[in-house]
Amino acid sequence: MDVSIKKSRMTLLTQMTLLIIVVVLISTLLVSILFSTMLDDIVENNMGKQAMTVAKLTAQNPTIIEAFEDEDPSKRIQLISETIRKTTGADYVTVANDQGIRYSHPNPENIGKPTLTSNEAPLREHKSLIYRGNGISGPAIKAKTPIWNDNGEVIGVSSVGFLVNSIEQQVLNYRKHVIQLAIIPLLIGISGAILIARRLKKLTYGLEPAEISFLFTEKEATLESIRDATITVNIEKKITSMNRRARELFHDEQLIVGSIIADNQLEKYINEAIATKGSYTSRKLLLNEQLYVLDASPILIEEEILGVVLTIRTVSEIEQLTEEFSKIKTFSENMRAQNHEFLNKLNTIYGLLVLKEYDRAINIVSSEVSERQNIVSFLMESVKDPLIAACLLGKMNRSKELQVTLEIDPDSRLDSILDNVKSNHFVPIIGNIIDNAMEAARKKNEHKGVVKVSFTDLGKEIIFDIEDSGPGVPIMMEDIIFEDGYTTKSGENHGIGLAIVKNSIGLLNGQIYMDKSELGGARFTIIIPQNSRDKKDV
């Protein structure tokens, strides 16, 4: 179904893709910044500790301590300090006396000059310290520690530094590696976002949220408008939806949305649909002494069954439709048979008139009028119920079309006038039995088939006898001919007539018997009890 959506709005696929990409990008960026900040702290902290270690190593060197007593201390101290600097990778290693005068420096020109930074802590307070500051070589992470002689006196200070430029270059290299590694999850996140969005679009059949919402509302409205009770269940037998008609029918049966199917017969039908992944129709279902007809259809997605749709109708609704159809069918057959018969007679009369056989044409017209008047008069006189009379008249016309002789016993009489409900059940019974009798007689005898009908309502029962000259009903078939679907005819839409007969007789509390007819075929005797209201004064 076409649903109008504004094209200017971004699709769900685009929105989801952008959202996931932005989330992944921000997450990667934040992690990179956090890691970079931590890296700065880690590198600076480690460099400070390393500078302190080198400073103490220098301050504790025996040769350097002895050299303080030399006439020219820097001669030996410069050599040892440079060796330590090159060995440890420090940017500078400086040794100064207690007046802050340098005895060593990477740049020999600075030897003999006072240090630019304060030596108060190591010389006066006898403390070692790590700090970030500017020196003659530039910004650096520095460590200073006092130099003690053998007498326990502070005779100088050892200062070691790692230039910030060198540290920043190292940190920059680390950051490049971090960024390079961050690109990998970013690419994975973007690819995953696109794949997930496409997967979601496939699962929603390419529909946008507004379209899904509309279709859901449309489905609910459609379901509610269905006159048959419709129930959907999942594979766990849990009811997922019910329409209005289903709620009306089963509110007393504890069948509500969210409940689990507990009825054994209904559960069996659901299991059958799940197991076969196929549909079926017209299954009888008995719930709390009420008879229903059940249709089932599986819910399939890519050959995987997700649930079952159940369509349930009461038998009374089907019977009402069947009765209405039976009436229409009776009158339709009556009109069709009369039309066919009159057309043949009209052609014959036309031929006689062309041949100027006027007397013979008059005789045919007179005979036809007389016969039809006799049949109509007999039925109007003998059968008081108009629906039954109309049914018998229709069958008389049908018999002429089939070229089968249909005889009604002249002594038959039916004074009872049935109420609408009873009459609607009774007419399909005699209609279907007479139809089957004429078909059987014609099949065996062709144009010589005979069907006889007799009826009476003397006493407390209405009795109809219908017999034919057909092949009869074999003994082994007597128990199955009334089953739904059984038929000896070819083609579709057969096998329901006698099933309707049996059901209608049951509703009228009647009985039907089969026997061998004197005509050679089958004989059906229908007995329907009547009450005082059926009898009318005549």
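Predicted model: local features only at pLDDT ≥ 70, side-chain atom pairs only at ≥ 80, totals over all residues.
A residue counts as buried when its relative accessible area is under 20%, as exposed over 50%, and as partly exposed in between (1.4 Å probe, protein chains only). By that definition Phe-426 is buried, with a relative accessible area of 1%.

Residues are numbered from 1 along each chain as its sequence is written, and side-chain values use heavy atoms, leaving out hydrogens and water.

The pLDDT (the predictor's confidence in each residue, from 0 to 100) averages 77 over the protein chain, and 79% of the residues score at least 70. Residues 1–8 have pLDDT below 50, with seven contacts beyond near neighbours in sequence; a contact means heavy atoms within 4.5 Å.

Now to the rings. Those of Phe, Tyr and Trp (its six-membered ring) pair if their centres lie within 6.5 Å; planes under 30 degrees apart count as stacked, over 60 as edge-to-face and the rest as tilted.

| Pair | Centre distance | Plane angle | Type |
|---|---|---|---|
| Phe-426 and Phe-464 | 5.5 Å | 65° | edge-to-face |
| Phe-455 and Phe-464 | 5.0 Å | 25° | stacked |

Ring pairs link Phe-426, Phe-455 and Phe-464 into a cluster. Phe-464 is buried at 0% relative accessible area, and Phe-455 is buried at 4%.
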